[in-house]
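Please look over the structure below. The report that follows takes its parts in turn.

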Amino acid sequence: MYTRPSNLDDALGLLAEGARVMAGATDIFPGAGESPLRGNYVDVTTIAALRGVRLQGNAVRIGATTTWSDIVAADLPPAFDALKAAARDVGAVQIQNRGTVAGNLCNASPAADGVPPLLILDAEVELASRRGTRRLALDVFVNGARSTLLAPDEVMTAILTPLPASTILPRAKTPRGKSRSARALTSTKAIELPRLATRSISPPETTNRRARIV
Ligand SMILES: Cc1cc2nc3c(=O)[nH]c(=O)nc-3n(C[C@H](O)[C@H](O)[C@H](O)COP(=O)(O)OP(=O)(O)OC[C@H]3O[C@@H](n4cnc5c(N)ncnc54)[C@H](O)[C@@H]3O)c2cc1C
């Protein structure tokens, strides 16, 4: 069964009964391969309150169904440039128009483009269920390759990042089909408290963990 609720409470009710969350479905459909989708899905993209970027206190709140194209178009401070660059790198424009930030995090692919820039921004994720709402640091939420602490009856409602004081350098992505070796970021500016986040690095237990250069 496929349901498109217009409010969060109805979605949480369906999740409590065993339905699975669907957003842009750009990971779900390819993941199903040639087989038809089975089970019950609740499409959360019809819940208007879950979409968009806004200030919440001293944090930037990215609603869960905010798409990559929304991120590209959003008025965000320079520290979010790496996130914007990642948004422009996710598939092609058609995928960016459908794929959501939360879907990228919940799918937890080791190659997810959204994870490193959000780790550097000290992002937290907000998770809701009929049992209540909780927040987890992103580096706690994603606890391995394709593994997260999302409970079956939970939906991610937002990603929250404190407004950073510093500037974040653009990310470096190895071009597809070219060398798999790492590329270097260079800067002529002095860097204080540098941070580095990586993806697609094995073994899985080190994936998505933030590294600090000291
Ligand atoms: C052709 C193509 C190219 C791609 N290229 C890239 C790329 O370059 N980089 C990259 O990182 N990704 C890429 N992707 C993967 C995908 O587009 C992204 O990961 C996208 O952000 C997923 O979002 P979605 O809304 O489509 O997720 P969905 O497919 O709807 O969901 C993915 C998973 O997350 C769960 N989920 C979704 N939203 C929520 C929520 N709010 N709460 C709880 N669980 C949720 C779903 O249950 C499912 O398990 C590509 C995909 C395709 C088809």
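## The nonpolar core

The largest nonpolar core has 46 residues. Val44, Leu105 and Met156 touch the most other members. This is a predicted model.

What does Val44 touch, leaving aside residues up to four places away in sequence? Its contacts are Ala11, Val21, Ala23, Leu50, Ala64, Thr65 and Val155. One of these, Ala11, is also among the buried residues of helix H1.

Helix H1 covers residues 8-16. Its buried residues are Ala11, Leu12, Leu14 and Leu15. They span an arc of only 160 degrees around the axis, so they sit on the same side of H1.

That buried set packs against five strands: E1, E2, E3, E6 and E10. Gly18 follows H1. The phi of Gly18 is positive, near 110 degrees.

## The parallel sheet

Strands pair in a sheet through backbone hydrogen bonds, in either a parallel or an antiparallel sense. Here, 3 strands make an open sheet with parallel pairing. Their order is E1-E3-E2. E1 (2-3) and E2 are the edge strands, each with a single partner strand, so one side of each has no neighbour in the sheet.

E1 and E3 (residues 41-43) run parallel and are joined by 2 bridges. Within E3, Val42 is the bridge partner of Thr3.

## The antiparallel strands

Strand E6 (residues 124-129) pairs with E7 in the antiparallel sense over 6 bridges. A hairpin of 2 residues joins E6 to E7. Glu124 stands opposite Ala137 in E7. Ser129 stands opposite Gly132 in E7.

E6 has another antiparallel pairing, with E10, over 5 bridges. In that pairing, Glu126 stands opposite Ala158 in E10.

How many of the 6 residues of strand E7 are buried? The number is 0, so E7 (residues 132-137) lies largely in the open.

## The shell around the ligand

There are 29 residues around the ligand. Ala23, Gly24, Gly91, Gly99 and Gly103 come nearest. Several elements give two or more residues to this shell: strand E2 (20-22), helix H2 (28-32), helix H5 (93-98), helix H6 (101-107) and strand E10 (155-162).

Which element gives the most to the shell? H6 does, with 5 residues. By class, the shell has 16 nonpolar, 8 polar and 5 charged residues.

E10 pairs with E6 in the antiparallel sense.

## Cys106 in helix H6

Cys106 lies in helix H6. Is Cys106 buried or exposed? The cut-off for buried is 20 or more other C-beta atoms within 10 Å. Cys106 has 22 C-beta neighbours inside 10 Å, so Cys106 counts as buried.

Leaving out residues up to four places away in sequence, Cys106 touches Thr148, Leu150 and Met156. Met156 is also one of the core residues that touch the most other members. Cys106 and Val155 are 49 residues apart along the chain. Their C-alpha atoms are separated by 9.4 Å. Val155 is also among the contacts of Val44.

## Helix H4

Helix H4 covers residues 81-89, and Ala82, Leu83, Ala86 and Ala87 are buried in it. Seen down the axis of H4, the buried residues fall within an arc of 145 degrees, so they line one face of the helix.

The cover over these residues includes helix H3 (68-73), H5 and helix H7 (115-120). Gly91 follows H4 and has a positive phi, near 50 degrees. Gly91 is also among the residues that come nearest the ligand.

Ala108 has a phi near 55 degrees, a positive value in a residue other than glycine. Ala108 is found in the loop between H6 and H7. With 20 other C-beta atoms within 10 Å, Ala108 is buried.

Asp122 also has a positive phi, near 55 degrees, and is likewise not glycine. Asp122 is found in the loop between H7 and E6. With 16 other C-beta atoms within 10 Å, Asp122 is partly exposed.

Key. Residues are numbered from 1 along each chain as its sequence is written. This is a predicted model: local features need pLDDT of at least 70, side-chain atom pairs count only at pLDDT 80 or more; totals for chains, interfaces and linings use all residues. A residue is buried if 20 or more other C-beta atoms lie within 10 Å of its own, exposed if 12 or fewer, and partly exposed in between; C-beta atoms are placed from the backbone. Helices (H or I, at least four residues) and strands (E, at least two) are DSSP runs, numbered from the N terminus. Two strands pair if DSSP finds at least two bridges between them. A residue is near a molecule or strand if its C-beta atom, placed from the backbone, lies within 6 Å of it. Ala, Val, Leu, Ile, Met, Phe, Trp, Tyr, Cys and Pro count as nonpolar, Asp, Glu, Lys and Arg as charged, and the others, Gly among them, as polar. Two residues are in contact if their C-beta atoms, placed from the backbone, lie within 7 Å. The arc is that of the directions from the helix axis to the C-beta atoms. A nonpolar core is a set of buried Ala, Val, Leu, Ile, Met, Phe, Trp, Tyr and Cys residues joined through C-beta atoms within 7 Å.
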